[in-house]
Each structure stands twice: as structure tokens, then as C-alpha cells.
Amino acid sequence: MSTPSLTHLMTGRARLGLTGMAAALLVAGCGQQAGETETAAAETPPIVQERQEGYKALGSSFKLINDQLKSGAPDMAQIAPAADRMNALAQQIPNWFPAGSGPQDGVETDALETVWTNPEGFSAAQQRLVETTAELQQLAAAGDAAALEAHVKVVGASCGGCHDDFRVEQ
Amino acid sequence: MSSDASSARVRVWDLPTRLVHWALAVLVLVAWLTGGERMDIHRYAGYGILGLVVFRLYWGVAGGSTARFSEFVKGPGTVLAYVRGWRAAPSSFGHNPLGALSVLLLVILLISQIGLGLFAVDVDGLESGPLARFITFETGRKAADLHELNFRLLQAAIVLHLVAIAAYALFKRRNLVGPMVTGRDATAGLEGELRPAPLWRLALGVVIAVLVVVLIARAG
């Protein structure tokens, strides 16, 4: 049996139809994306943008650490400053949620009202992240890759624990 | 359906095509149920789907005749004519011109779903696809959002697929599920012949699919 080459597989019209479909999908996807970012930029107040940037920085540093650990040859010279950044950011979290910046104030945010109605719970969750990232700093300083690998799961759980209770489920 | 006319039960789908179909159904369900919950299982389900789709693309060029894109993908004119005369249209051997579009749509959505998943990063920054280390956290988050959006499209396409199967059963008394299980179609008056692919082609396809999955999983 002879194997036909890919280009001969479809009739010209079929190929045209396919290209059209792919183009339509692409256009539809881009339209949706553009619409989303426009509304977000228009309605998000500066303080919410600031905390979302802060959380993204937290995520970037954490990703850097996880990527290093997965690489098989983790570079402690990169992990240690990332752990420092995470701990510094964790300590700043209380400044990111002033009164009037919650969904109950009509603000577009993924923070739940519980951040303001359950301040003790929120503070405890924030404190947990401060502690787990402090240990991350110590392990990075000690250069203990195996212990780090186990500990990032604990750190990840302290992110997820707070998100479960204080962030819109996505 | 007459069960006595065993001579009329023609072979339509080869075994690899059927296995890929049902394995995809199971793994997409598993991936759906474990997404965001059991990311270890979700990851393996994704690798499985990746391998199946790679194999299906290969089989669409090298497989049995009814699995080949060149045999079932038709131009817009043929599709339109088929839709217009849908009620009276004679039973197709293998994919009909409209079903072919459904196959393409599902395959395209599966490819984009896997592609996005490979780069997706979880909000906690802990879980991520094997290729996420080549991109930034923010881009990885975008990939995760699109992974979610694309899944809604995939779900819609699957619903459409199921509705179409029900419509053929209801309005045209055509059993499409049975042949996808047994490989044989008992529809009266069905004409056509499945030209199966030789075994070595199957072996080659399995090797290619496994290689692709291993290379990508190792990259992470």
C-alpha cells in the first residue's frame, strides 16, 4: 500500500474550509481576550492592581524556585534571593487590603468579603505564609535541595489554604 | 437492526481507531474530574491524551481507510449538499461529510487543550505543565486561563457530538455507537470496504506517540 503525502490528503476545497475554520477560531479567541482585558483595566482601582501585582511577584519567585528544583541541578544563588523576596512580600500582605477595597464596596477584585469580615483568619493565613517562607529562606541558605523539595509543598499549601477561604474560586 | 443478517455486517472501523476513540473518552473525563484537584493524575491523563492524539493524527495518514483524513474530509460544497438532504441522505460508510467536521473540530480542540496545558501554571505557583519553565509566571497563568476557556469549547463540541449521535438514532434510525464498539456496521444497504493498515504501521505509530510523550514529559 502506498502512503500518500500530507499535501495530497485533502482536496483544495477541504483545505480552504479548514483554514477558514482555524482563522475563525483564532479571531473569536482574540476578540474574547481583548474584551476581557479592556474591562479589567477600566474598573480595577490602583490598590487592587497593586496587590495583584504583589501576588504575581510572589508567584514568579515561587515559580523560579520550583523550576530550579525541577531542573535537577538547583542553583541556590538564584533560589535564596527568590525566597527572600517571597518572605518580604508575605510581610506586606496586610497593607494590600485597606477598608473600601473589597467586593462589598463594589470593587472588581477576586478577594472575598471574608478578608474583611474574618480579619483574624486572614491574618493567621498571612502569618503562616510568613513562617513557611522564612523556613524556605533558611533551607536555601543551607543549600539543602532535598529539604527544599519537600518544603515547597508546604509553602504551596499555605498559598492554597488562603485562596480557599479568601479568594474567589476559579 | 436485523441480527440474523450477519453477512450484512460490514467492517467499518479498525481496532486502533476504536481503541483511541474510547480511550480518549475515558481520559478526557478523567482529566476533567481531576483538573485543579488531583494534579498528579491530571498530568498523566494529559500525557495519555497527548499520546492518543499524536497517534490519531498519524493514523489519519497511515491507518485503515476509514480513519484517514483524505478519505473522509470533504469540501464545503459536499457538506452543504449533505446537510440540505440530511433526512433522505443514504447511510455513509465510515464518517459522513458532517461527522468529518465534528472529528476535525474535536481533534483541533484537543490539540489546543494539550498545548495550553503543557504551559499552564497554577495560581499557587506549585503545579505547572512540563513546558512551563520556559515561560514566565504571568504567561503561564494566561495559558491556564485559556486552558480553562478552551475546555468549555471542547465540552460544547462533545455535547454537539453526543446530540448528533442521538439525532441519527432518533430521526434516521441509525446506530452509530455499536459500530464504534464492535467495528462492524449492520445498517442495511451499506456499501464499502475497510482497507486495514498493516501491523507494522500500527507499531510505528505507537513508537512515535510514546516518543513524543516521553520527550515532552522529560522536558519539564
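This is a predicted model: local features need pLDDT of at least 70, side-chain atom pairs count only at pLDDT 80 or more; totals for chains, interfaces and linings use all residues.

Student: What does the secondary structure of chain B come to?

Tutor: Chain B has 8 helices and 2 strands, in the order β-α-α-α-α-α-α-α-β-α from the N terminus. Helices (H or I, at least four residues) and strands (E, at least two) are DSSP runs, numbered from the N terminus.

Student: And how much of chain B is buried?

Tutor: Buried residues are 44% of its 220. Buried means under 20% relative accessible area, with a 1.4 Å probe and protein chains only.

Student: Okay, α5(B). Which residues are buried there?

Tutor: Among them are Val103(B), Leu106(B), Val107(B), Leu110(B) and Ile114(B). An α-helix has 3.6 residues a turn, so residues three or four places apart point the same way.

Student: How far does that helix reach?

Tutor: α5(B) covers residues 97-119 and reaches 34 Å from its first C-alpha to its last, close to the expected 33 Å. The expected span is 1.5 Å times one less than the number of residues.

Student: What happens at the start of α5(B)?

Tutor: A side-chain oxygen of Asn96(B) comes to within 2.8 Å of the backbone nitrogen of Leu98(B).

Student: Switching topic: which residues lie nearest the centre of the second largest pocket?

Tutor: Those are His21(B), Ser102(B), Leu106(B), His161(B) and Ile165(B), out of 44 lining residues. On a 1 Å grid over the protein atoms alone, a pocket is an open set of points with protein on both sides within 12 Å along at least five of seven lines, a cavity is a set where a 1.4 Å probe fits but cannot get out, and lining residues have an atom within 4 Å of a point.

Student: Which helix gives the largest share of that lining?

Tutor: α6(B), with 10 residues.

Student: Last one: what lines the largest cavity?

Tutor: Its lining includes Tyr82(B), Tyr168(B), Lys172(B) and Asn96(B).

Terms used:
Residues are numbered from 1 along each chain as its sequence is written. Chains are lettered from A and ligands numbered from 1 in the order in which they are written. Side-chain values use heavy atoms; hydrogens and water are left out. Buried means under 20% relative accessible area, exposed over 50%, partly exposed in between (1.4 Å probe, protein chains only). A polar contact is a pair of N or O atoms within 3.5 Å; within protein, one must be able to donate a hydrogen and the other to accept it, and residues adjacent in sequence count only if both atoms are side-chain atoms.
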